Amino acid sequence: MKQLRIGVLAGLFAVAGVLSWAGARLWDAVGTLPRVPVAAPIVLAVIAVVLAATALSLRARLRAQRERRPGAKGVDPLLAARAVVFGQASALVAALVAGMYGGVGVFLGLDGLDVAIRREQVIYAGASVVAGMAVIAAAFFLERVCKLPEDEDEGRPGGPGTARG
(Lines give C-alpha, C1' and ligand atoms only; values in the text may rest on other atoms or scores of the structure.)
Protein backbone atom coordinates (compact mmCIF):
# COMPACT_ATOMS: atom_id res chain seq x y z
CA MET A 1 0.00 0.00 0.00
CA LYS A 2 1.43 3.37 -0.99
CA GLN A 3 1.69 6.24 1.45
CA LEU A 4 -0.14 9.52 1.06
CA ARG A 5 1.91 12.24 -0.56
CA ILE A 6 1.53 15.92 0.23
CA GLY A 7 2.27 16.83 -3.39
CA VAL A 8 -0.61 14.76 -4.72
CA LEU A 9 -3.02 16.22 -2.18
CA ALA A 10 -1.80 19.78 -2.84
CA GLY A 11 -2.18 19.19 -6.59
CA LEU A 12 -5.73 17.92 -6.14
CA PHE A 13 -6.51 20.90 -3.93
CA ALA A 14 -5.07 23.38 -6.45
CA VAL A 15 -6.75 21.85 -9.51
CA ALA A 16 -10.12 21.64 -7.75
CA GLY A 17 -9.70 25.22 -6.51
CA VAL A 18 -8.92 26.64 -9.95
CA LEU A 19 -11.71 24.68 -11.64
CA SER A 20 -14.30 25.66 -9.03
CA TRP A 21 -13.17 29.31 -9.15
CA ALA A 22 -13.62 29.27 -12.92
CA GLY A 23 -16.94 27.44 -12.60
CA ALA A 24 -18.15 29.94 -9.99
CA ARG A 25 -17.20 32.80 -12.28
CA LEU A 26 -19.08 31.24 -15.16
CA TRP A 27 -22.07 30.35 -13.01
CA ASP A 28 -22.20 33.91 -11.60
CA ALA A 29 -22.21 35.33 -15.12
CA VAL A 30 -25.20 33.14 -16.01
CA GLY A 31 -27.20 33.54 -12.81
CA THR A 32 -26.80 32.97 -9.10
CA LEU A 33 -24.18 30.85 -7.44
CA PRO A 34 -25.10 27.65 -5.63
CA ARG A 35 -24.80 28.08 -1.87
CA VAL A 36 -22.06 26.57 0.25
CA PRO A 37 -23.95 24.29 2.65
CA VAL A 38 -23.61 24.87 6.37
CA ALA A 39 -23.17 21.12 6.78
CA ALA A 40 -20.00 20.98 4.64
CA PRO A 41 -17.51 22.01 7.36
CA ILE A 42 -19.46 20.04 9.97
CA VAL A 43 -19.28 16.79 7.99
CA LEU A 44 -15.58 17.27 7.28
CA ALA A 45 -14.92 18.00 10.96
CA VAL A 46 -16.79 14.85 12.00
CA ILE A 47 -14.69 12.79 9.59
CA ALA A 48 -11.52 14.36 11.02
CA VAL A 49 -12.63 13.50 14.56
CA VAL A 50 -13.43 9.90 13.58
CA LEU A 51 -10.02 9.49 11.93
CA ALA A 52 -8.20 11.00 14.90
CA ALA A 53 -10.15 8.87 17.39
CA THR A 54 -9.39 5.75 15.37
CA ALA A 55 -5.70 6.65 15.29
CA LEU A 56 -5.58 7.29 19.02
CA SER A 57 -7.39 4.04 19.78
CA LEU A 58 -5.12 2.00 17.54
CA ARG A 59 -2.03 3.71 18.93
CA ALA A 60 -3.03 2.85 22.50
CA ARG A 61 -3.81 -0.76 21.58
CA LEU A 62 -0.54 -1.15 19.67
CA ARG A 63 1.44 0.34 22.56
CA ALA A 64 -0.23 -2.03 25.03
CA GLN A 65 0.47 -4.96 22.73
CA ARG A 66 4.10 -3.90 22.25
CA GLU A 67 4.63 -3.54 26.03
CA ARG A 68 2.98 -6.95 26.55
CA ARG A 69 0.52 -5.67 29.13
CA PRO A 70 -1.71 -8.36 30.63
CA GLY A 71 -5.14 -8.33 29.02
CA ALA A 72 -3.96 -6.15 26.13
CA LYS A 73 -6.29 -6.38 23.19
CA GLY A 74 -4.36 -6.94 19.97
CA VAL A 75 -4.90 -5.18 16.68
CA ASP A 76 -6.08 -7.22 13.74
CA PRO A 77 -3.81 -6.38 10.78
CA LEU A 78 -6.81 -6.31 8.44
CA LEU A 79 -8.53 -3.76 10.70
CA ALA A 80 -5.44 -1.56 10.63
CA ALA A 81 -5.21 -1.84 6.85
CA ARG A 82 -8.88 -0.91 6.47
CA ALA A 83 -8.39 2.08 8.75
CA VAL A 84 -5.46 3.28 6.66
CA VAL A 85 -7.41 2.86 3.42
CA PHE A 86 -10.33 4.81 4.94
CA GLY A 87 -7.91 7.55 5.99
CA GLN A 88 -6.30 7.75 2.58
CA ALA A 89 -9.63 7.87 0.78
CA SER A 90 -10.89 10.52 3.19
CA ALA A 91 -7.76 12.62 2.63
CA LEU A 92 -8.14 12.48 -1.16
CA VAL A 93 -11.81 13.43 -1.03
CA ALA A 94 -11.11 16.15 1.56
CA ALA A 95 -8.43 17.66 -0.70
CA LEU A 96 -10.91 17.80 -3.58
CA VAL A 97 -13.76 19.20 -1.48
CA ALA A 98 -11.54 21.73 0.30
CA GLY A 99 -10.17 22.88 -3.06
CA MET A 100 -13.65 23.20 -4.47
CA TYR A 101 -14.94 25.27 -1.55
CA GLY A 102 -11.68 27.21 -1.46
CA GLY A 103 -12.09 28.21 -5.10
CA VAL A 104 -15.68 29.30 -4.53
CA GLY A 105 -14.62 31.18 -1.39
CA VAL A 106 -11.84 33.01 -3.25
CA PHE A 107 -14.26 33.99 -6.01
CA LEU A 108 -16.81 35.27 -3.52
CA GLY A 109 -14.15 37.07 -1.49
CA LEU A 110 -12.65 38.81 -4.52
CA ASP A 111 -16.08 39.70 -5.89
CA GLY A 112 -16.88 41.71 -2.79
CA LEU A 113 -17.93 41.10 0.77
CA ASP A 114 -20.38 43.98 0.97
CA VAL A 115 -23.39 41.65 0.71
CA ALA A 116 -24.13 39.74 3.94
CA ILE A 117 -25.02 36.50 2.14
CA ARG A 118 -21.71 36.43 0.28
CA ARG A 119 -19.81 37.17 3.49
CA GLU A 120 -21.59 34.24 5.13
CA GLN A 121 -20.76 31.96 2.19
CA VAL A 122 -17.07 32.94 2.39
CA ILE A 123 -17.06 31.99 6.09
CA TYR A 124 -18.63 28.60 5.34
CA ALA A 125 -16.18 28.01 2.49
CA GLY A 126 -13.22 28.95 4.69
CA ALA A 127 -14.44 26.69 7.48
CA SER A 128 -14.75 23.87 4.94
CA VAL A 129 -11.14 24.37 3.84
CA VAL A 130 -9.93 24.33 7.45
CA ALA A 131 -11.97 21.20 8.22
CA GLY A 132 -10.63 19.55 5.04
CA MET A 133 -7.08 20.24 6.20
CA ALA A 134 -7.97 18.68 9.56
CA VAL A 135 -9.13 15.53 7.74
CA ILE A 136 -5.84 15.40 5.86
CA ALA A 137 -3.82 15.86 9.06
CA ALA A 138 -5.81 13.14 10.84
CA ALA A 139 -5.30 10.80 7.87
CA PHE A 140 -1.54 11.34 7.99
CA PHE A 141 -1.58 10.68 11.75
CA LEU A 142 -3.58 7.48 11.28
CA GLU A 143 -1.21 6.33 8.54
CA ARG A 144 1.79 7.00 10.79
CA VAL A 145 0.23 5.08 13.68
CA CYS A 146 -0.50 2.03 11.50
CA LYS A 147 2.86 2.00 9.74
CA LEU A 148 4.88 -1.15 10.25
CA PRO A 149 8.36 -0.70 11.72
CA GLU A 150 11.12 -0.90 9.15
CA ASP A 151 13.27 -4.00 9.12
CA GLU A 152 16.87 -3.05 10.00
CA ASP A 153 18.35 -5.65 7.62
CA GLU A 154 16.29 -4.56 4.65
CA GLY A 155 18.31 -2.83 1.95
CA ARG A 156 21.70 -3.99 3.27
CA PRO A 157 23.79 -6.34 1.15
CA GLY A 158 22.91 -9.87 2.14
CA GLY A 159 19.74 -8.79 3.94
CA PRO A 160 16.27 -10.15 3.16
CA GLY A 161 15.61 -7.36 0.64
CA THR A 162 18.44 -8.48 -1.66
CA ALA A 163 18.90 -11.53 -3.83
CA ARG A 164 21.83 -13.80 -3.16
CA GLY A 165 23.65 -15.31 -6.01
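**Entry 1: Arg-118.** I started with the contacts of Arg-118, taking contact as heavy atoms within 4.5 Å. Leaving aside neighbours within four places in sequence, I found Arg-118 in contact with Asp-28, Phe-107, Leu-108, Asp-111, Gly-112 and Leu-113. Arg-118 sits in helix α4. Helices here are DSSP runs of H or I with at least four residues, strands are runs of E with at least two, and both are numbered from the N terminus.

**Ground rules.** I noted that this is a predicted model, where local features need pLDDT of at least 70 and side-chain atom pairs count only at pLDDT 80 or more, while totals for chains, interfaces and linings use all residues. Residues are numbered from 1 along each chain as its sequence is written, and side-chain values use heavy atoms, with hydrogens and water left out.

**Entry 2: salt bridges.** How many salt bridges does the count come to? I used the rule of a side-chain nitrogen of Lys or Arg within 4 Å of a carboxyl oxygen of Asp or Glu, and the count comes to two. One of them joins Asp-28 and Arg-118, with the closest N and O atoms 3.1 Å apart. This pair links distant parts of the chain, since Asp-28 is in helix α1 (residues 6-30) and Arg-118 in helix α4, 90 residues apart. The two side chains also make a polar contact at 3.1 Å. For that term I took a pair of N or O atoms within 3.5 Å; within protein, one must be able to donate a hydrogen and the other to accept it, and residues adjacent in sequence count only if both atoms are side-chain atoms.

Glu-120 forms a salt bridge with Arg-35, and there the closest N and O atoms are 3.4 Å apart. Because Glu-120 lies in helix α4 and Arg-35 in the loop between α1 and α2, the pair ties together parts that are 85 residues apart in sequence.

I then checked how accessible these residues are, with buried meaning under 20% relative accessible area, exposed over 50%, and partly exposed in between (1.4 Å probe, protein chains only). Asp-28 has a relative accessible area of 25%, so I wrote it down as partly exposed. Glu-120, at 32%, is partly exposed, and Arg-35, at 53%, is exposed.

**Entry 3: Gln-121.** Is Gln-121 buried or exposed? Its relative accessible area is 6%, so Gln-121 is buried. Gln-121 is in helix α4, and a polar atom of its side chain lies 2.4 Å from the backbone nitrogen of Val-36. Outside four places in sequence, Gln-121 is in contact with Arg-35, Val-36 and Leu-108.

Entry 4: The 28 residues of α2 should span 40 Å at 1.5 Å a residue, and the end C-alpha atoms are 40 Å apart, which agrees. The expected span is 1.5 Å times one less than the number of residues. In α2 I listed the buried residues, among them Ala-40, Leu-44, Ala-48, Leu-51 and Leu-58. The buried residues of α2 pack against α3 (77-111) and α4 (116-146). Just after α2, Arg-68 takes a positive phi of about 55°.

α3 has 35 residues and reaches 51 Å from first C-alpha to last, close to the 51 Å expected. Gly-112 follows α3, with a positive phi near 130°.

**Entry 5: Gly-87.** Which residues does Gly-87 touch, not counting those up to four places away in sequence? They are Leu-51, Ala-139 and Leu-142. Gly-87 is in helix α3 and is buried because its relative accessibility is 1%. The C-alpha atoms of Gly-87 and Ala-48 are separated by 9.2 Å, although the two are 39 residues apart along the chain.

**Entry 6: the surface patch.** Val-38, Ile-42, Val-46, Val-50 and Phe-86 form a nonpolar patch on the surface, with about 430 Å² of accessible area together. Such patches take residues with over 30% relative accessible area and no salt bridge, nonpolar side chains (Val, Leu, Ile, Met, Phe, Trp, Tyr) being joined within 5 Å and like charges within 9 Å. Helix α2 (residues 39-66) gives the largest share, three residues.

Conventions: Areas by Shrake-Rupley, 256 points an atom, 1.4 Å probe, with all protein chains shown as cover.
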